[in-house]
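Thanks for coming, everyone. Let me put the sequence and the model on the screen, and then we'll walk through a few helices.

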Amino acid sequence: MPSAICGILAAWVLFVVTRRLFDQRTATIAGVLLACNAFFVRYEQEARSYTLALLAVLLATYALVWAVDQPSRAHWITYTAAGAFAIYAHFFAAFVIAAHFLSLLLFRPNRLRTWNAWMGYGFMAILVAPLTLAMTLN
């Protein structure tokens, strides 16, 4: 049941993020395609953390869009928490966070010049350090 709830929430957050970035029609198509994807539905039925990781990555993406559009310390703290949570949900979410960083570096370098952005990524690294340490010791 928790995986199914995370899957439903992931489709809704995908809709919200896509609507913010594009338009209502594109958001509807994206949400429906995710909800009807057989691969996604299969993993939604398993008691694993894949749908939780997708939900957390989508929340981090939405928080990043929010922090870039309306820069403030609170928005970057939200992104930091969502990004760290995504990495704890599944370690491969770190690739998405790295892609977020690279997209800011390449397309919005002025947003990375703010103190809040660097503090956000720095605190995210500190929050994820115990997981990284645990994975290297095994």
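**Helix packing and an aromatic cluster**

Let's start with H100, which sits in helix α6. Helices here are DSSP runs of H or I with at least four residues, strands are E runs of at least two, and both are numbered from the N terminus. Two words on the source. This is a predicted model, where local features need pLDDT of at least 70, side-chain atom pairs count only at pLDDT 80 or more, and totals for chains, interfaces and linings use all residues. Residues are numbered from 1 along each chain as its sequence is written, and side-chain values use heavy atoms, with hydrogens and water left out.

Is H100 buried or exposed? H100 counts as buried, because its relative accessibility is 8%. The cut-offs: buried is under 20% relative accessible area, exposed is over 50%, and partly exposed is in between, with a 1.4 Å probe and protein chains only.

What does H100 touch? Leaving out residues up to four places away in sequence, H100 touches A60, T61, L64, Y79 and Y121. Contact means heavy atoms within 4.5 Å. Take L64: H100 and L64 are 36 residues apart in sequence, and their C-alpha atoms are 7.8 Å apart in space.

Now the helices. The axes of α4 and helix α6 (residues 93-107) come within 10 Å and cross at roughly 20 degrees. That angle makes α4 roughly parallel to α6. Axes are lines fitted to C-alpha atoms, for helices over the stretch in contact, and angles run from 0 to 180 degrees between N-to-C directions. Under 35 degrees is roughly parallel, over 145 roughly antiparallel, 65 to 115 roughly perpendicular, and the rest oblique. The crossing of α4 and α6 is right-handed. Right-handed means the near helix is turned clockwise from the far one by less than a right angle; left-handed means anticlockwise. On the α4 side, the contact uses V57, A60, T61, L64 and V68; on the α6 side, A93, V96, I97, H100 and L104. By class, that contact has 8 nonpolar, 2 polar and no charged residues. Nonpolar covers Ala, Val, Leu, Ile, Met, Phe, Trp, Tyr, Cys and Pro; charged covers Asp, Glu, Lys and Arg; the others, Gly among them, are polar.

Next, another partner for α4. Helix α4 (residues 50-69) and helix α5 (residues 73-89) have axes that come within 8 Å and cross at roughly 160 degrees. That makes α4 roughly antiparallel to α5. This crossing of α4 and α5 is left-handed. The residues of the contact of α4 with α5 split into 16 nonpolar, 3 polar and no charged.

Last, the aromatics. The structure holds 8 aromatic pairs. Rings of Phe, Tyr and Trp (its six-membered ring) pair if their centres lie within 6.5 Å; planes under 30 degrees apart are stacked, over 60 edge-to-face, and the rest tilted. Y79 and Y121 make an edge-to-face pair, 5.6 Å centre to centre, with 70 degrees between the planes. Y79 lies in helix α5 and Y121 in helix α8 (residues 115-137), so the pair ties together parts 42 residues apart in sequence. Y79 is buried at 0% relative accessibility. Y121 is buried too, at 13%.

F101 and W118 are also edge-to-face: 5.9 Å centre to centre, 70 degrees between the planes. F101 is partly exposed at 23%, and W118 is partly exposed at 46%. To close, W76, Y79, F101, W118 and Y121 form one aromatic cluster.
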